[in-house]
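Subject: Structure handover and findings

Hello,

Please find the structure below. My notes on it follow.

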Amino acid sequence: MGLHPLEFSECYLDSPAFREKIKAHEAELDKTSRFIKELYKDGKNLINAIKQLSFAQRKFAQCLGEFKFEYIGDAKTDDEKCIDESMQEFSSFLRNLEDQRELMMRNITETLMKPLETFRKEQLGSAKAERKRYDKETEKYYSSLEKLLNMSAKKKEPQLQEADVSVEVTRLHFQESSLEYVCKLQEIQERKKFECVEPMLAFFQTVFTFYHQGYELAKDFDHYKKALQINIQNTRSRFEGARSEVYELMKRIKESPLEYRQTSPISSEGYLYIQEKRPPPFGSSWVKRYCTFVKEQKILHMITFDQRSGGKLGETDSVTLKSCVRKTTDMLDRRFCLDIEITDRPGTVVTVQALSEDDHRFWMHAMGGKDPMQYLNRTHSRERGIDAQLDDVGINFVKNSINAIESRGINDQGLYRVVGVSSKVQKLLILMIDEKSSEVDLAASEEWDVKTITSALKLYLRSLPEPLMTYELYKEFIVPAKSGSPESRVQAIHCLVHKLPERNRLVLSLVTKHLANIAANSKQNLMTVANLGVVFGPTLMRPQEETVAAIMDLKFQNIVVEILIEHHEKIFGDTPSISPSLATTPLSAPTRQSKKVSRQNRPLAMYNPQVLDIQKVALVAVSPSSESPALANDETSVGSNESVSSQSSNTSGTPPEKSKNSHSTINMSLPDGTGVCTATASWMNSASPASLKPMKPGSVGTEKNKPEESVTLMKAKAVYPCEAEHDSELSFQVGAIFHDVSLSREPGWLEGVLEGKRGLIPENYVEIL
């Protein structure tokens, strides 16, 4: 049973049972006071722990924001740019989350800690003050009563009457104090039910609102996450392709190091030991120097450098060479030596020592000595034993192969990634480039499986004396892939393709159209445009010299091939109207908005228990559900150097550019005097503010007020062309008419229907009709 009620009438009787009831009430209040003190202490510890967590999170976010990726080469792909910016994006996300956490801490202090402490001090404190007064009056009354009762009856009447009056006054004060104390006890017992629980409700509302805010931030982050996953997958696929090329180059260099020794046609470099003569009796010393000989000017630059001394550069000396003569061992008891005569110091001969016999011949050849060294003319290696030519026979083989692949295996998973047996591939290619190849119909022949045909086609293209896109135009093709907008890249490559020789352009058109057909069936064969770009990047174009720097451009070769596949009809079907130099100029179409909601201006909703009237505002927004392409398992084949991505990729390989929108924003604000967030939306300047109407309070879920009645759907017209970069977006040309247009939950984006398909539309690409 709970506490007994305290009757006012019992204050006059002041019975032992009444006193026991008061003690029970007092014990309950003491327990409540201890509970609030302990809770307040734990609450302080909780806030301090949250502060420490927030500090650690902010420090972590700062570390992320300050980190920058360095890249190899002179440019980054769009995927690499997004990855480079990802650390700042993560940092921003964490900082915003911590802003919400700090707001939660302030809210906990205001709605939990202060109300509990106020209740303890004011209510429980006043009860303690009443208790002291009650105890004082009790002591005073019963003391005066005992004194009165012990007074002698022989006292004079005036004295007795005075004593009676005094005790009566004391009794009245005691009873008044008892009544007020009993009233206070019961008042506090009832008051604590809501004075203690309401702040706890505010606390949990604040905590759950914080977690809900984190959920909203995660939803806003989802689009960026999916786009970044594609960027990472594309970068990983290009890395795998580049790594295989680097390892292959390293293997060839290990096998023939001297063939790759010469890195520049105008200079020769390497270490030489220079004999420095000293005055007698010190003799001479040999100092290691890194030397660069410029052939045309015959200047030898020498830099003192020793790796064992910490790698510090020493003095630099330059001399002009007049002649170079081998120094025999009978003249100097050291091997691999040369005597160099210097023109700017007449009569001065400098003796240098090479590192080995091969190195000795290398410097003799470089400096015009008497023992010239024959170097191989090194270009990008061709497949040995295959005499592939871009003639009628070769073109017929390409057509024959494409016809067979598209008729027999266009839906085969991993098409062009899964390789055939090397011996069978070479046998087929040698057979097909023979003059009698026209007699073999690969589409009808069961002798050759599809993977053997695809591998033979790739081998043929790689075995050509020059790649289809030629050495001459290689650098020009790479330039637009490194800079400019997606539109300008397409225009520049369009112009460059029409600079290719006619046969090259014909075969390139056949191959890229074939690859476009394969990409159109990517749901079955898992070969997306990005995957095909990885496979055919080094097949259709490559630099003339094999260097690591050239391999680092492999990722840009992939981008060029992706553009050729995606825009095949335009590039090969129309004659370019502008020159390549003009094609690199970006178009004047407006910047597309990012679908990522700005998370910087979304405050945490605060619970205010004092506000009873809460305004309910509902904002209707329809968002089509879309699923990201499923990640396919990438099987590894023996002998295959291609690595592919199972994610789809757009032309630029990057999500829409992130920028702020000046027309449409969603502003979550906390109005004064209310405890909830209200959502407001501003439509485009050209649309009426009444076109998007908030639902009336209480209308959600009722039949009389359906969501369709709260939103006015409109029409819009495209003023710029746009190509979809994600499944949830629409592609369209200038003049396209959209129906059922409404505001999307993504700032800067609309939703509408075009040709029966509903999707997202960049807001600043259209005008409202």
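Is Y211 buried or exposed? Y211 counts as exposed because its relative accessibility is 54%, where buried means under 20% relative accessible area, exposed over 50%, and partly exposed in between (1.4 Å probe, protein chains only).

Before the rest, two notes on the source. This is a predicted model, so local features need pLDDT of at least 70 and side-chain atom pairs count only at pLDDT 80 or more, while totals for chains, interfaces and linings use all residues. Residues are numbered from 1 along each chain as its sequence is written, and side-chain values use heavy atoms, with hydrogens and water left out.

Surface patch

Y211 sits in helix α5 (residues 197-255); helices here are DSSP runs of H or I with at least four residues, strands are runs of E with at least two, and both are numbered from the N terminus. Together with F204 and F208, Y211 forms a nonpolar patch on the surface, with about 370 Å² of accessible area for the three. Patch members have over 30% relative accessible area and no salt bridge; like charges are joined within 9 Å, and nonpolar side chains (Val, Leu, Ile, Met, Phe, Trp, Tyr) within 5 Å. The areas come from the Shrake-Rupley method with a 1.4 Å probe, and for residues only the protein chains shown count as cover.

Salt bridges

Side chains of opposite charge can pair when their charged atoms come close. The whole structure has 38 salt bridges, each being a side-chain nitrogen of Lys or Arg within 4 Å of a carboxyl oxygen of Asp or Glu.

One of them pairs E80 with K555, with 2.7 Å between the closest N and O atoms. E80 belongs to helix α3 (residues 78-149) and K555 to helix α16 (residues 554-566), so this pair ties together parts that are 475 residues apart in sequence. Both E80 and K555 are buried.

E562 and R238 also meet in a salt bridge, at 3.0 Å from N to O. Here E562 is in helix α16 and R238 in helix α5, so the parts tied together are 324 residues apart in sequence. E562 and R238 are both buried.

R191 and E187 form a salt bridge with closest N and O atoms 3.3 Å apart. These two are separated by about one helical turn because they are four residues apart in helix α4 (residues 157-195). R191 is partly exposed at 24% relative accessible area, and E187 is partly exposed at 32%.

Sheet

Five strands make an open sheet in the order β12-β11-β10-β9-β13, with antiparallel pairing; two strands pair if DSSP finds at least two bridges between them. β12 (757-762) and β13 (766-768) stand at the edges with a single partner strand each, so one side of each has no neighbour in the sheet. Within the sheet, β10 (residues 737-743) and β11 (residues 749-754) run antiparallel and are joined by three bridges. L743 is opposite L750 in β11.

Cysteines

A disulfide is a covalent bond between the sulfur atoms of two cysteines. With a disulfide taken as a pair of cysteine sulfur atoms within 2.5 Å, the count is zero. C183 is in no disulfide, and the nearest cysteine sulfur, that of C11, is 9.6 Å away. C183 is partly exposed at 37% relative accessibility, whereas C291 is buried at 0%.

Regards
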